[in-house]
Amino acid sequence: MKLRDLQRQLAALLPDARAAGGESALELLSQGNDAPRLISATLLEEGLFRAQPVVGAPVPAFRAFLDGTQKTVVASYTGGGVALLSGSVAAVVRQRRDNRLYTWRAPVVETRIYAPRAHLASVTWSTLEEHYSGVLVDTTAGATDLIAHPFALRDAAIQKVRSHREQMEQRLAEQWCDAERDPLLIDGGISGSARVATSEIAVGVVKSHFTLYVHNDNLRTVLSLKHRERSSVFRIPSASRSTVASWYLRLRDPSGHDPLWGLVRAEIAIPDALEMANIGKRADEVSQWVLAEVSPLALPDSRWDKMVYGVRDCEEYLRAIA
Amino acid sequence: MTPIQPLGRVVATERRPNTPHEFHFWTALDSPVGIGTIVRVVGRDPVNGVIPNVYGIVTEGFSWTDLASPLHDVMGHDGSPADSPVHQTSRAEIRLYTAAVLRHIPEEPLQPVPMGTVFLADEADVEIALRMDGYLKEGSHTGIPVGVYRAGGTDAPIYLDADFLIGPEAAHLNITGVSGLATKTSAVEWLLQSIFTHFPEQKGSIAAVCFNVKGPDLCFLDLPGEIDDNDRLLYEQCEVPPTPFNDVQYYAPYKSDGVALNTLRSNEALLENVTPLTWGLREVLQYAEVLLNKDDIDAKADALIDFIKENVLDKRFADPMLERPHTVTSFADLDAWFKDVLRALEKKDDQSWRTHHVATIRKVRNRLSNISLRCKGLVADDGATSDLPFGSFSDRTVYVIDVAGVEEDAQDLIFARVVTKLREHLEKRDLGVQHVVVFVDELNKYAPGDGPETYVRKMLLDIAERGRYLGLVLFAAQQFRSQVHRRVVGNSGTALYGRMDGDELATPGYAVLSPAIKTKLATLEKGQLMVRHPHFTQPIFVRFPRPAVMRGRDGVSQYPAAQAPTLHSAVLRTLRQLDPAITLGWLQDVTALATDEEILRARNDVVRTRPTDVRKVFSAHFRATVAPRTAARPNTPAPLPAGPADDPYGF
């Protein structure tokens with residue numbers, strides 16, 4: 001649904017509502033980044049947590065890349081000044097053939113309307129629910145301590161949109177894992193979907209490091225990883241998500257940059273008990289795959305030090321269609 | 001039948017919007033689109049209930065990747081092109097093309113090109129796009145194939161409209177291109193073949209007069225040349241037989257010795273259709289101003305020349321002051337007349353004669369007498385004339401006038417007189433054909449954009465501006481179009497461009513062409529042309545076959561020019577065209593006591609008068625000679641009787 005169409009509809013449904021002026025994505029304004037955290041993780045590889053070079057030349061093994069985008073904008077304000085938001089999410093798998101990237105199956109594009117039910121007049125909510133059944137999301141649902149501050153409401157909406165995006169990405173990743181046999185590089189973690197988190201062909205590459213799964217000396221080890229070095233493999237447990245194996249990998253020479261420059265965290269499925277002894281070799285193998293994707297550079301994206309080109313291609317594609 | 005696959009999609013942005021005359025589209029990286037490709041856009045939304053179709057020709061191409069800066073690629077390769085890492089993924093890349101609109105269907109309302117799907121134009125599309133459907137339809141077929149459009153697997157013959165190439169709606173053709181890349185002369189030869197094949201019968205007869213101004217270019221048009229299978233295919237597609245011209249007549253003046261013809265087509269085997277081109281005083285005096293510059297021809301001199309033309313030339317002229325009556329038919333006669341006039345003035349010690357001042361008379365005598373020297377070989381002192389068959393031109397015949405080896409003045413004279421005679425006869429409708437194509441190369445020289453006004457340039461301007469009403473069509477070629485008079489090129493309805501020089505393309509006349517079109521023009525292969533024609537709203541690129549005639553250098557190699565003939569053999573060759581029974585022995589006997597000049601004069605007289613009894617008229621020019629007899633042995637007296645052996649007085 002186009003924003004203008006939505007604004008027209010809302011103006012008709014809610015006479016006291018007024019359309020928002022701009023179309024700036026709220027994600028750009030939101031301060032709601034996750035708080036930095038250090039979390040301990042269980043080592044899966046034998047020996048101490050350490051840095052080790054990735055043995056062997058980069059191997060181009062990924063046949064596809066998966067990424068998603070989201071965009072949240074204010075559609076209208078109710079008479080009471082509460083923002084009614086439009087959140088669009090999209091996800092795509094871009095498959096590589098003859099060095100070129102093409103869309104695998106169809107991309108997923110969905111738009112939902114986000115409103116804080118607890119802060120709306122009941123007649124307003126019921127009017128919205130009547131017309132937008134199935135795409136209306138209550139941003140206050142399940143939140144007991146959500147205050148009425150517009151920023152808080154905005155951040156809550158953005159979280160809901162993010163959740164929606166992750167669902168879309170997981171849905172596509174599951175389809176890939178069910179249908180294909182070649183490795184898929186997923187931008188972000190793979191633990192959100194049990195099917196993906198246990199697939200041998202799904203590899204998650206996480207660029208953000210608000211949460212670091214190391215402490216003390218191990219943290220120093222990670223921050224001082226050199227180009228083409230990886231950390232030992234560790235387990236990331238989660239109560240709500242699947243458990244996966246992970247390790248840090250330095251994609252580029254960090255000389256002259258901050259310690260997180262060129263640093264990514266890879267996620268793969270936990271091998272079964274028989275294969276657990278070879279988890280290090282598996283980490284080397286997957287690291288070779290990821291290192292093969294450092295070129296071409298993902299410039300001009302500002303995250304190019306950590307982003308592989310296939311993921312950038314997904315984003316550009318979604319920007320064009322979503 | 002598989003559906004036609006789209007080639008691309010129309011795109012427009014605020015920065016790069018589409019207009020009614022230009023649009024943009026992108027294609028796959030491996031699409032066969034190139035500069036000059038004709039495409040068809042099928043609109044998305046109907047207008048007045050009709051889905052619009054827009055035809056365009058690609059004029060510019062762009063390509064880029066998602067790189068924001070070239071520096072990023074350098075970084076991606078660690079600064080070393082040789083040691084570049086293996087890219088597993090090629091960057092996203094676009095091929096974006098700009099096309100100039102050829103035609104909208106429907107034509108109204110004229111709107112910006114809509115968003116839509118782009119297809120390669122097929123043969124039928126090309127016909128519509130170039131508005132050829134208007135003159136290729138049954139019943140009014142006036143199409144003249146100029147070549148074949150080839151792009152993306154589409155081969156489509158491109159037709160010029162005879163009404164706009166030969167007249168009367170528009171006319172004339174101008175072709176430009178650098179020398180040596182077989183565009184100008186070859187293209188004209190091919191186009192003449194095409195015209196002779198396809199010129200509609202209802203439009204009448206047509207002939208061509210070609211001036212061979214350099215080398216042996218046009219000297220072998222009636223002999224077959226080498227063509228390959230690609231050429232044959234082009235001939236087949238254009239429905240033109242791959243054969244040399246059926247009827248070609250060659251004309252060339254003599255060399256200055258008056259004996260040998262001044263042409264590279266002088267091989268004995270090819271002389272059958274070569275005719276000398278010689279003019280006498282009458283022919284030259286009509287065009288005296290061609291050879292006399294403005295300093296020569298002031299009002300007084302002009303008046304005297306007019307007086308001579310009206311009162312002296314070809315008439316019996318008597319004046320009490322002159323020693324004798326004069327009948328001036330040749331330069332020799334004219335010189336005798338001048339001498340008589342000047343002698344009379346000196347005798348009377350007078351300064352003027354019949355209002356003409358003695359200085360003017362001397363000046364005009366000097367200039368006119370000089371003509372026969374400057375144009376020796378073409379102009380005969382004795383008034384002999386051998387000319388083109390004005391009045392009996394034949395349909396589909398090429399008349400080649402070889403002026404390649406002739407002095408510049410003589411070239412100008414030949415050109416001016418022939419074209420003027422053509423115009424005169426076409427005005428009177430008694431040339432023998434209704435249309436004549438005149439091919440002139442080196443137009444830079446004959447109709448320059450700057451420099452002094454010359455008779456030849458005035459005449460070319462006249463043809464360019466008025467020739468189409470008469471059926472006199474100018475096909476002109478030059479290396480630098482920008483240096484030709486604007487009115488000459490401006491009046492050419494059709495323009496062809498071969499490989500172009502970069503400096504020439506930088507001149508303002510080519511500003512309307514896109515940089516990509518200019519680049520293509522600067523790199524055109526042999527056998528390719530860019531065509532502009534009144535029906536085509538944009539220039540079109542075509543391929544044309546090699547003309548099926550022997551190339552000049554092949555002709556010279558296969559038919560080497562004859563050695564300079566002796567006087568007798570040259571005269572014999574000429575006389576035998578009139579009387580094949582004449583033998584060298586007879587000729588030598590008849591001319592045994594004659595000088596070279598007397599023999600040539602007799603030959604010229606025979607050529608001019610073309611008598612029934614060639615031997616009689618020719619031999620009448622020479623002094624009677626005693627019939628040769630074998631000397632008889634004189635009678636010797638009877639020998640004296642032998643003396644006695646003992647004769648004491650004997651020796």
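Predicted model: local features only at pLDDT ≥ 70, side-chain atom pairs only at ≥ 80, totals over all residues.
Two residues are taken to be in contact if their C-beta atoms, placed from the backbone, lie within 7 Å. In chain A, 64% of the contacts between residues at least 6 apart in sequence join residues at least 24 apart.

The overall dimensions of the two chains come next. Chain A contains seven helices and 16 strands. Its radius of gyration is 21 Å, close to the 20 Å that the globule rule gives for 322 residues, so chain A is as compact as a globular protein of that length. Along the principal axes, the C-alpha atoms of chain A fill a box of roughly 65 × 45 × 40 Å. Buried residues make up 43% of the 322 residues in chain A.

Chain B holds 22 helices and 22 strands. Here the radius of gyration is 34 Å, whereas a compact globule of 651 residues would have a value near 26 Å. The C-alpha trace of chain B spans about 135 × 80 × 60 Å along its principal axes. Of the 651 residues in chain B, 43% count as buried.

The two chains also touch one another. Chain A brings 16 residues to the contact, and chain B brings 12 residues. On the side of chain A that touches chain B, β7 (100-103) and α7 (309-321) of chain A each supply at least two residues. The most comes from α7(A), which gives four residues to that side. Sorted by class, the side of chain A that touches chain B has eight nonpolar, three polar and five charged residues.

Helix α14 (residues 455-470) of chain B has a kink of about 50°, centred on Ala464(B). Ala464(B) is also one of the buried residues of α14(B), along with Arg457(B), Met459(B), Leu460(B), Ile463(B), Gly467(B), Arg468(B) and Leu470(B). The cover over these buried residues includes α12 (408-428), α13 (443-446), β19 (472-478) and α15 (486-490) of chain B. After α14(B) comes Gly471(B), which has a positive phi, near 95°.

Helix α5 (residues 184-198) of chain B has 15 residues and reaches 21 Å from its first C-alpha to its last, close to the 21 Å expected at 1.5 Å a residue. This helix is mostly covered, with 13 of its 15 residues buried.

In helix α17 (residues 515-522) of chain B, the buried residues include Ile517(B), Lys520(B) and Leu521(B). These residues cover an arc of only 100° around the axis, which puts them on the same side of α17(B). The partners against which the buried residues of α17(B) pack are β4 (53-65), β20 (494-497), α16 (502-505) and β21 (528-532) of chain B.

Most residues other than glycine have a negative phi, and most peptide bonds are trans. Against that background, the peptide bond from Leu299(A) to Pro300(A) is cis, with omega near 10°. Pro300(A) sits in the loop between α6 (279-291) and α7 of chain A. Chain B has a cis peptide bond from Ile105(B) to Pro106(B), with omega near 0°. Pro106(B) is found in the loop between β5 (93-105) and β6 (116-120) of chain B.

Two arginines, neither of them a glycine, of course, carry a positive phi: Arg228(A), with a value near 65°, and Arg396(B), with a value of about 55°. Arg228(A) belongs to the loop between α5 (216-223) and β13 (229-231) of chain A. Burial calls for 20 or more other C-beta atoms within 10 Å, and exposure for 12 or fewer. Arg228(A) has 18 other C-beta atoms within 10 Å, so this residue is partly exposed. Arg396(B) lies in the loop between α11 (358-374) and β17 (397-402) of chain B. With 17 C-beta neighbours inside 10 Å, Arg396(B) therefore counts as partly exposed too.

How values were computed:
Residues numbered from 1 in each chain as written. Chains lettered and ligands numbered in written order. Nonpolar A, V, L, I, M, F, W, Y, C, P; charged D, E, K, R; others polar. Bend = angle between axes of the 7 residues up to and from the residue. Rg over C-alpha atoms; globule rule 2.2 N^0.38 Å. Expected span 1.5 Å × (residues − 1). Arc of directions from axis to C-beta.
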